[in-house]
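Me: I am new to reading protein models and would like to go through this one slowly. Could we begin with the terms and then look at the details?

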Amino acid sequence: MNSGRETSENERALVIKRSKDDKSIREITSLIGKSYGCIQKILQKYRRTGCVANISGRGSKEILSASAKRKITRSVKKNPLLSASKLASSTSSEIGEKNFSRNCQTSFS
């Protein structure tokens with residue numbers, strides 16, 4: 001198992017399994033081929049969250065909801081020559097977004 005890359009969920013599960021088998025971090029390190037700190041972080045995360053999967057919800061959040069994007073896409077398909085400002089004025093009341101024209105331009109650019 002190669003170090004210097006993200007650990008897979010299988011590798012993390014193996015670390016947890018070995019930890020439950022009363023193996024020390026150093027023993028797990030030699031078995032898996034990851035650093036001491038990596039194994040330690042996996043165990044800390046497991047103790048904190050109870051799972052080894054990646055945590056969702058990181059990164060920048062969506063500006064528009066999925067339904068708003070569908071409505072915009074539908075109206076653009078109906079009239080492909082519609083400008084963003086005209087699109088914003090025609091659909092902002094439907095969607096209920098205040099800064100819709102700015103959101104529309106940044107979401108579909």
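Reply: Contact means that heavy atoms lie within 4.5 Å of each other. The model is a predicted one, in which local features need pLDDT of at least 70, side-chain atom pairs count only at pLDDT 80 or more, and totals for chains, interfaces and linings use all residues. Residues are numbered from 1 along each chain as its sequence is written, and side-chain values use heavy atoms, with hydrogens and water left out.

Me: Among contacts between residues at least 6 apart in sequence, what percentage join residues at least 24 apart?
Reply: The count takes in contacts in the chain between residues at least 6 apart in sequence. Of these, the share that joins residues at least 24 apart is 50%.

Me: How many helices and how many strands does the chain have?
Reply: Helices (H or I, at least four residues) and strands (E, at least two) are DSSP runs, numbered from the N terminus. Read from the N terminus on, the elements run α-α-α-α-α-α. The secondary structure therefore comes to 6 helices and 0 strands.

Me: What percentage of the 109 residues count as buried?
Reply: Buried means under 20% relative accessible area, exposed means over 50%, and partly exposed lies in between, with a 1.4 Å probe and protein chains only. Accessible areas come from the Shrake-Rupley method with a 1.4 Å probe, and for residues only the protein chains shown count as cover. The chain exposes about 7,800 Å², of which carbon and sulfur atoms supply 49%. Of its 109 residues, the share that counts as buried is 24%.

Me: How many salt bridges are there?
Reply: A salt bridge is a side-chain nitrogen of Lys or Arg within 4 Å of a carboxyl oxygen of Asp or Glu. Arg12 forms one with Glu6, where the closest N and O atoms are 3.4 Å apart, and Arg18 forms one with Asp21, where the closest N and O atoms are 3.9 Å apart. By this rule the count comes to 2.

Me: Which residues does Arg18 contact, leaving aside its neighbours within four places in sequence?
Reply: Arg18 lies in helix 1 and counts as partly exposed because its relative accessibility is 27%. Arg18 and Leu31 are 13 residues apart in sequence, and their C-alpha atoms are 9.3 Å apart in space. Leaving aside neighbours within four places in sequence, Arg18 is in contact with Lys23, Ile28 and Leu31.

Me: How far from Lys45 is the nearest side chain of opposite charge?
Reply: Lys and Arg count as positive and Asp and Glu as negative, while His and the chain ends are not counted. Lys45 is found in helix 3, and, not counting residues up to four places away in sequence, the residues that Lys45 touches include Arg12, Gly50 and Ile55. Lys45 is buried yet has no salt bridge, and the nearest side chain of opposite charge, Glu6, is away by 7.6 Å.

Me: What is the phi of Asp22, which is not a glycine?
Reply: Asp22 lies in the loop between helix 1 (9-20) and helix 2 (25-32), and with 70% relative accessibility Asp22 counts as exposed. Although Asp22 is not a glycine, its phi is positive, at about 65°.

Me: What distance separates the C-alpha atoms of Glu11 and Ile42?
Reply: Glu11 has its place in helix 1 and counts as buried because its relative accessibility is 6%. Glu11 and Ile42 are 31 residues apart along the chain, and their C-alpha atoms are separated by 9.7 Å.
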